[in-house]
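Visitor: Please take a close look at one part of this model, the charged pairing of side chains. I would like one connected account.

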Amino acid sequence: MAELDINDAVMTTRLDAVVNWGRKNSLWPMPFGVACCAIEFMSMMSSKYDLARFGAEAMRFSPRQSDMMLILGTITNKMAPVLRTIYAQMAEPKWVISVGVCASSGGMYRTYATLQGVDRVIPVDVYVPGCPPRPESIIYGVMKLQEKIEKESLSMRKDHIARFYDSLARQESIQAEKGLTSQQTIREMLMDAGERGVGTIF
Amino acid sequence: MVIEHIDAQIPGAILDRHDFRGDQTIVVAKETLLALVDLLHGEGFQFLVDITAVDWPERPNIQGGGAAGRFDVVYHWLNLASQERLRVKVPVADGATVPTLTGRFKTADWFEREVFDLFGIRFEGHPNMKRLLTWDDFPGHALRKDFPLDGGDVFCMEGCTAPYNNGERGGE
């Protein structure tokens, strides 16, 4: 029987590195498709561009079964509480890609009806510019997210998501206390954040 | 033509009229609106295409005696048999109400709710006078010209060029 060299059988690494290697190559995307960016997303998922090459082919339409949300389109102020609920329902750890200018900054819709960037209400990891971005751009965004996951620490991701849950609890208590609709609660939280010079409500 | 019939049957109802390339527009007072609608319905104008409103902030907000009030409520009708169209404008002051058309036209329900939501004009006798598009406790009425375009968004302080408020935060 040949002698087994321990260096051939065992590799030493950091826990963060090996877990993140697994996470980045098995993203489960959920499309939050509300506008034309969702059409580009369909193209990105199907055979010509094929996101399966990056280990993210298991598309799910339930937040409970996915960990990468792609926001594809214009989010209105009326939709903001729904977006927060759906983000809260996703499996942890979770990541968000804001696809297109409408999701990233409100885009050309600078009106009372449109949320001026989803990063005001939920944490966003990667922004993809374009109106709409081509499938290659969205794939590049996913690749950037993979790079980010590779470098992050497990506890930082956990804290990052915990901060969002705190803001959700705050939203619910303000809503119950003042008897507002969820839309108006988020609006008041945003106004308050703006007065304090903070860009976000989480 | 329907306008001659209106003149004959409700004399004095039409306060003003104009005609642009065959597009007939008449202005009536809100007191004669329901009688006019009954007449129009009998004449075949049975398709209420749209109800909307126009804000004229420079008009004095008083009604009667030649003054029109701040808003025009605009109705569009189509006669499906003759393919004639008719636009009816009803001037109304801010705070005043307009009689509802929901008794005659089911489609008026959501049209009137939309006008109430975006202009704050109430319709008397409407079965469910709630906001249609924005949320229930939305501050102000979004299509009024003194409403800031960005909704008074605190993040958009610089470069806010909403009309009628000189770029300052305001509105209701």
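Guide: This is a predicted model. The contact between the two chains has no share in the pairing: the count between chain B and chain A is zero salt bridges. Three residue pairs, both members at pLDDT 80 or more, are in polar contact between chain B and chain A. Over all chains the count comes to 15 salt bridges.

In chain B, D94(B) and R144(B) form a salt bridge, with the closest N and O atoms 3.0 Å apart. D94(B) sits in the loop between β5 (85-92) and β6 (97-99), and R144(B) in the segment after β7 (122-124), so the pair ties together parts of chain B that are 50 residues apart in sequence. R144(B) counts as buried because its relative accessibility, 6%, is under 20%. D94(B) is partly exposed, at 28%. Through shared partners, salt bridges join D94(B) and R144(B) with D55(B), R70(B) and D146(B) in one network.

In chain A, K178(A) and E188(A) meet at 3.1 Å, N to O, in a salt bridge. K178(A) belongs to helix α7 (residues 154-178) and E188(A) to helix α8 (residues 182-195), so this pair ties together parts 10 residues apart in sequence. E188(A) is partly exposed, with 29% relative accessibility.

K144(A) and E147(A) also form a salt bridge, at 3.6 Å, N to O. Both lie in helix α6 (residues 135-151) of chain A, three residues apart, which means a separation of about one helical turn. K144(A) is partly exposed at 34%, and E147(A) is partly exposed at 35%.

Key. Residues numbered from 1 in each chain as written. Chains lettered and ligands numbered in written order. Predicted model: local features only at pLDDT ≥ 70, side-chain atom pairs only at ≥ 80, totals over all residues. Heavy atoms only, no water. Salt bridge = Lys/Arg side-chain N within 4 Å of Asp/Glu carboxyl O. Polar contact = N/O pair within 3.5 Å; in protein donor to acceptor, adjacent residues only side chain to side chain. Helix = DSSP H or I, 4+ residues; strand = E, 2+ residues; numbered from the N terminus. Buried < 20%, exposed > 50% of the residue type's maximum accessible area, 1.4 Å probe, protein only.
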